[in-house]
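This note sets out, point by point, what a reader new to the structure may wish to look at.

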Amino acid sequence: MASVELIKVAKRYGKQTVLQPLDLTIPDGSFTVLVGPSGCGKSTLLRLLAGLESLSEGEILLDKKAINNLDPADRDIAMVFQSYALYPHLTVAENLAFHMQVKKVKREEQQSKIARIAGILGIDKLLNRYPRALSGGQRQRVAMGRAMVRNPQVFLFDEPLSNLDAQLRMELRAEIKSLHQRFKTTMVYVTHDQVEAMTLADKIVVMRDGVIVQQGAPLAIYDRPANTFVARFIGSPPMNLLAGRIESRDGQFGVLCHQQWFALPDKWQTAAQAQGERPVTMGLRPHDILLAEEGMQATVNVLEVTGESTLLHVDWQGDALHVQTVGRVDTQPGARLALAVRAEKIHLFDAQSGERLVD
């Protein structure tokens, strides 16, 4: 196990800057997930850690020792790729043994490690098969096993589940989490899927345009997004964002939106007063908008019923809202519903910068 530290790390291709100079600490034994939209620089950052790309500037430390100039094979870091990257002419056992053969590990030790890792991953009955005879999930397990037999200080995962169907993704996600809990090896995982990020990570690093936008524990980021980008990106369905204005009524501050006034909770009154009456963006998670007997009137556009919950896409005075409820709702497109909000769950952001205003 090892900690990883990136100091003013940047990557450029000619005049194009893919990664702005950034600092990042990955604690020893942690499961850190880099998440963001395509092109944000997360995979480039992973490749810099692996040594598959060279730094434009900055320094990478592994257990306080610089590894910038080390070849990938000498970094004691193993990477699992999205494309599996298995040798098609080798059996599963030979794929698992390949790195150990290069390192001239004794045959008895090779066989012992292969048997142990194959048993952990449930591929012990596949050792004589070739990759072409494996399913996508089995191939990804072999790719994980090939990294595990190296017993590296750090595991890197580059969107390893994106080629799998939903059921397999859920199963392998649980397996990866279980492996981390068992071995406590430092893991860095790249994905654009925020559900994977939330369920796997000890620490999430949200990236956009080559910059780290926010980092922290999954629920801390979910509950207190730093800006509207994070608010929309982390959470499925995404947070509703509405244009509004902080206003005071009878000495109490609230948000006026479409002539509907939402009183802010007592804990925010002092902070709202400090902000003054000003335009804001109000954020509401879909499950924090409730069906009510009376309240703001909205029109149902679309229903998505999953069985255990219902997602309503509604129109409220020209704004499209997502409303998520537990169970099933007896309604249909075109129907009118009354909605209420959990005032204590309102998020406020600056109307221009999108930065969070009130905690």
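Helices (H or I, at least four residues) and strands (E, at least two) are DSSP runs, numbered from the N terminus. On that basis, proline 237 is placed in the loop between helix H8 (228–233) and strand S11 (240–249). The model under discussion is predicted.

1. Domains. The protein is divided into two parts, domain 1 (4–233) and domain 2 (240–350). Seven residues from domain 1 and seven residues from domain 2 take part in the contact. Between the C-alpha centres of domain 1 and domain 2 the distance is 39 Å.

2. The cis peptide bond. The bond from serine 236 to proline 237 is cis, and its omega is near 0 degrees.

3. The lining consists of 14 residues, and Asp223, Glu344, Lys345, His347 and Arg356 lie nearest the centre. By class, nine of the lining residues are charged, three are nonpolar and two are polar.

4. The largest pocket. About 390 Å³ of space lies in the largest pocket. It is lined by 17 residues, with Ile77, Met79, Phe81, His99 and Arg150 nearest its centre. Strand S6 (77–80), helix H2 (92–102) and H4 each provide at least two residues of this lining. The classes here are 14 nonpolar, one polar and two charged residues.

5. The largest nonpolar core. This core has 45 residues, and those touching the most other members are Val33, Val35, Ile123, Phe157, Tyr189, Val206 and Ile234. Helix H4 (residues 136–148) gives the most to the core, namely five residues. In soluble globular proteins, nonpolar side chains tend to be buried together. Apart from residues up to four places away in sequence, isoleucine 234 touches Val35, Gln194, Met198, Val206, Ile221, Tyr222 and Arg285.

6. Valine 205. Is valine 205 buried or exposed? Its relative accessible area is 0%, and buried means under 20%, so valine 205 is buried. Valine 205 belongs to strand S9 (residues 203–208). Beyond its neighbours within four places in sequence, valine 205 has contacts with Leu24, Thr32, Val33, Leu34, Val35, Ile212, Gln214 and Gln215. Glycine 36 is 169 residues from valine 205 in sequence, yet the C-alpha to C-alpha separation of the pair is 8.4 Å.

7. Asparagine 151. Most residues other than glycine have a negative phi. Asparagine 151, however, has a positive phi, near 50 degrees. This residue sits in the loop between H4 and strand S7 (154–158). Exposed means over 50% relative accessible area; asparagine 151 therefore counts as exposed, at 58% relative accessibility.

8. Glutamine 259. What is the phi of glutamine 259? It is near 65 degrees, a positive value in a residue other than glycine. Glutamine 259 is located in the loop between strand S12 (252–257) and strand S13 (260–263). With a relative accessible area of 70%, glutamine 259 is exposed.

Terms used: Residues numbered from 1 in each chain as written. Predicted model: local features only at pLDDT ≥ 70, side-chain atom pairs only at ≥ 80, totals over all residues. Heavy atoms only, no water. Core = buried A, V, L, I, M, F, W, Y, C linked by side-chain atoms within 4.5 Å. Buried < 20%, exposed > 50% of the residue type's maximum accessible area, 1.4 Å probe, protein only. Contact = heavy atoms within 4.5 Å. 1 Å grid on protein atoms, 1.4 Å probe; cavity = no way out; pocket = protein on both sides within 12 Å on 5 of 7 lines; lining within 4 Å. Points joined across faces, edges and corners; volume = space filled by probe spheres on them. Nonpolar A, V, L, I, M, F, W, Y, C, P; charged D, E, K, R; others polar. Domains from an automatic or database assignment.
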